[in-house]
Amino acid sequence: MSDSIYTHSGKLGMAPIVWPVIFIPCAVVLSAAYAYLDVYIPLGGYVSFILLAGYVFGLGIVSAFAVKVAKCRSTTAAGFLGFLGGLFALYASWLIFLYALINKFDEEGIGLVPLLIHPGAMWQTILLINKEGWFSIRGSTPTGAVLGTFWVIEAVAILGGMIFLSGMRIRHEIFCETCSRWLPVFEKRMYKPPTETHAGNFNEVEPAALLRLEEMQESNFPAVRCEFLVCNTCGAKGLRYKYVELVTDKEGKTSEKSTNYKHLLKAPA
Ligand SMILES: [Zn+2]
């Protein structure tokens, strides 16, 4: 077999069963934590955004883990599961938020089940909260379009975050279709790129030529970072590599920037 550029087969693996079994209970717990923190520490401003970011990352990490464990080999399917999971989380967080808020301020209170089976009443309550507002920030209480904008930002962050994050654990992985497993990394190497090479033309470098480059022992820039993968069962080899350089931003901060991932199912000899 000659070196071939690896792409996922697109198979779903056990995702239709395994993904919801892992994701749904975790999403309920995260949504409850998010809703209760939101109701009981309504500080507004930065804290709300940090809380939202934590919630979205938490959901994304769980979803991405479930996608990988389920052996889903489709980033499109992962994104779609992320979208569905985002809708579920949005609904769960609103439900628990309303439950917590009503029971905090209303002496009679309400049960979770009556709320769950009356989506119409849920919606009416949301409209009422939008009209009246429920928290104050710097002496004013956001209502109407302002509060609605916060909610839209929140919904977009949850759905967008979930669509993007759900595929993150499989995006750069290689799967052995024969043995039905992800290939683990068994060796990492760094190479010194030829002087005429830069991020823009790195894709033209042949994998075989790449491995004839001078190996570097220490981290230097620019570098070609290679990871060799092997299937422990059948011995199938994989290779992935990227071009890494140091970039300096406007404020003078330097950071690593990597470009042009390539994945091969068989490492060149
Ligand atoms: Zn194998």
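At what angle do helix α1 and helix α2 pack, and how far apart are their axes? This is a predicted model. Helix α1 spans residues 15–40 and helix α2 spans residues 46–69; they pack at an angle of about 165°, and their axes are 9 Å apart. Because angles over 145 degrees count as roughly antiparallel, α1 is roughly antiparallel to α2. The crossing of α1 past α2 is right-handed.

The contact can be traced residue by residue. On the α1 side it includes Ala 15, Trp 19, Phe 23, Leu 30, Tyr 34 and Asp 38, while the α2 side includes Leu 51, Tyr 55, Gly 58, Val 62, Ser 63 and Val 69. By class, the residues of the contact of α1 with α2 comprise 17 nonpolar, 2 polar and 1 charged.

Helix α1 also packs with α3, here at an angle of about 35° with the axes 8 Å apart. This crossing, of α1 past α3, is right-handed. The contact of α1 with α3 has 20 nonpolar, 3 polar and 2 charged residues.

The loop between α2 and α3 (75–105) holds Arg 73. Is Arg 73 buried or exposed? A residue is buried if 20 or more other C-beta atoms lie within 10 Å of its own; Arg 73 has 23 within 10 Å and is therefore buried. Leaving aside residues up to four places away in sequence, Arg 73 touches His 8, Ser 9, Gly 10, Lys 11, Gly 13, Ile 170 and Phe 175. Arg 171 is 98 residues from Arg 73 along the chain, and the C-alpha atoms of the two are separated by 8.9 Å.

Methods
Residues are numbered from 1 along each chain as its sequence is written. This is a predicted model: local features need pLDDT of at least 70, side-chain atom pairs count only at pLDDT 80 or more; totals for chains, interfaces and linings use all residues. Axes are lines fitted to C-alpha atoms, for helices over the stretch in contact, and angles run from 0 to 180 degrees between N-to-C directions. Helices (H or I, at least four residues) and strands (E, at least two) are DSSP runs, numbered from the N terminus. Angles under 35 degrees count as roughly parallel, over 145 as roughly antiparallel, 65 to 115 as roughly perpendicular and the rest as oblique. A crossing is left-handed if the near helix is turned anticlockwise from the far one by less than a right angle, and right-handed if clockwise. Two residues are in contact if their C-beta atoms, placed from the backbone, lie within 7 Å. Ala, Val, Leu, Ile, Met, Phe, Trp, Tyr, Cys and Pro count as nonpolar, Asp, Glu, Lys and Arg as charged, and the others, Gly among them, as polar. A residue is buried if 20 or more other C-beta atoms lie within 10 Å of its own, exposed if 12 or fewer, and partly exposed in between; C-beta atoms are placed from the backbone.
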